[in-house]
Amino acid sequence: MWFSWLMLLVGLVVILLGCDVFTNSIEWLGKKLNLNEGMLGSIFAAVGTALPETLIPIVAVVFGATAGGESHANDVGLGAIIGAPFMLATVAMLVTGIAIFIFARQGRRDLTLRVNSTILSRDIRFFLIAFTVALISGFIESEAVKVAIALGLLALYGFYVYKHATDTSEEVTDEDDAEELSPLHIARRNPNPPLSLIVFQTVFGLGLIIGAAVLFVGYVSDVANSLGVTPLILSLIVVPLATELPEKFNSVLWVRRSKDTLAMGNITGAMVFQSTLPVSFGMVFTEWHAGPEFVAAFTQAGLAIVAAAVLFGTMVVQKRLTARALVFSGLWYVVWLILIFPLDLQKIVRDLV
């Protein structure tokens, strides 16, 4: 069993390493391609760092990469799919908010984020629409209707990318901002590395992250058994928490340098991605229904929607985004833990049914 825990730890370390490599290259890619902040943070960085948690349910469900067979594969897949947006809407916001408090105390920045409200508001609105539809679909029995909804969510994400790509109000990475970039890791002495090296480092960083995710999947069930919990509960807690480290780490790096739109777009853009593409896969290939055995998962989905809605409402009312609002989002994670463990919501629902 110690070997399974060791492999999980190795996976986490490699994910963080790949994240650092990827973050460095994605900023240079934004400079080379003259991407606006929305495309760079909400699309490129968000999708790239969302690949680990996207790969886990695909590997688990399609290839059955669990020790417990098809049932456990379904639990791991469903847990990773629903758990990822919840972690982003709560824990990722909490970690970023705490980082801002720390950097503000060090005198590096203030507690108010300087963000493009158009980008963040759009991201959260798309997330609320997509994940609410996904939650409601759990109460629909017709498989044909679920397939139609899944296709609709894929189209919604395509429209989301189009909106970012064509929005002329979003700032483009300029030369002054580019001068602040850290040297490209594989060409540290080159002040203007070629696009080919930047692309190579980007692919290499993603390769590290994806490889670590595959390693992670192979030992999830063993660790779940050693802890005495079901693969679904472990997947809802450990798998998303571990694979969301890239989003949290990237955002901490960016808020330290006051690149707040990139930092938040990296999280909110991943929320939109996770609530559309992986969810579409889950609707078609997993047991996507809000039954008593999956109450923990769909409770997470509901709280993710609540957390995002409260954050959006705070932005609208206060007309700004603060570190305190981000930290408050993390409290919804505590609410879920209380509902599932001390209150044992699953047993309560099962008894009522």
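Here is a short walk through this structure, from the whole chain down to a few of its side chains. Keep in mind as you look that this is a predicted model.

Let us begin with the overall picture. The protein chain contains 16 helices and two strands. It has 353 residues, and 54% of them count as buried. Among contacts in the chain with a separation of 6 or more, 84% are between residues 24 or more positions apart. The accessible surface comes to about 14,500 Å², with 67% of that area belonging to carbon and sulfur atoms.

Now find the loop between α3 (70-105) and β1 (112-113), where Q106 has its place. Q106 is partly exposed, because its relative accessible area is 49%, which falls between the 20% limit for buried and the 50% limit for exposed. The side chain of Q106 makes a polar contact of 3.5 Å with the side chain of R108.

Stay in this region to meet the salt bridges, of which the structure holds two. One of them pairs R109 with D260, and their closest N and O atoms are 2.7 Å apart. R109 sits in the loop between α3 and β1, while D260 belongs to helix α11 (residues 260-274), so this pair ties together parts that are 151 residues apart in sequence. Both R109 and D260 are buried.

The other salt bridge joins D110 and R114, with 3.4 Å between the closest N and O atoms. Are these two partners buried or partly exposed? D110 counts as partly exposed at 37% relative accessibility, and R114 is also partly exposed, at 47%.

At its start, a side-chain oxygen of N116 reaches to within 3.0 Å of the backbone nitrogen of T118.

Which residues make the nonpolar surface patch of about 770 Å²? They are V306, V310, F328, L331, V334, I338, L343, I348 and L352. Three helices, α13 (295-318), α15 (331-340) and α16 (345-352), each supply at least two residues of the patch. The largest share, three residues, comes from α15. One member to look at is I348, which lies in helix α16. I348 counts as partly exposed, with a relative accessibility of 41%.

Notes. Residues numbered from 1 in each chain as written. Predicted model: local features only at pLDDT ≥ 70, side-chain atom pairs only at ≥ 80, totals over all residues. Heavy atoms only, no water. Helix = DSSP H or I, 4+ residues; strand = E, 2+ residues; numbered from the N terminus. Buried < 20%, exposed > 50% of the residue type's maximum accessible area, 1.4 Å probe, protein only. Polar contact = N/O pair within 3.5 Å; in protein donor to acceptor, adjacent residues only side chain to side chain. Patch = residues over 30% accessible without salt bridge, like charges linked within 9 Å, V, L, I, M, F, W, Y side chains within 5 Å. Areas by Shrake-Rupley, 256 points an atom, 1.4 Å probe, with all protein chains shown as cover. Salt bridge = Lys/Arg side-chain N within 4 Å of Asp/Glu carboxyl O. Contact = heavy atoms within 4.5 Å.
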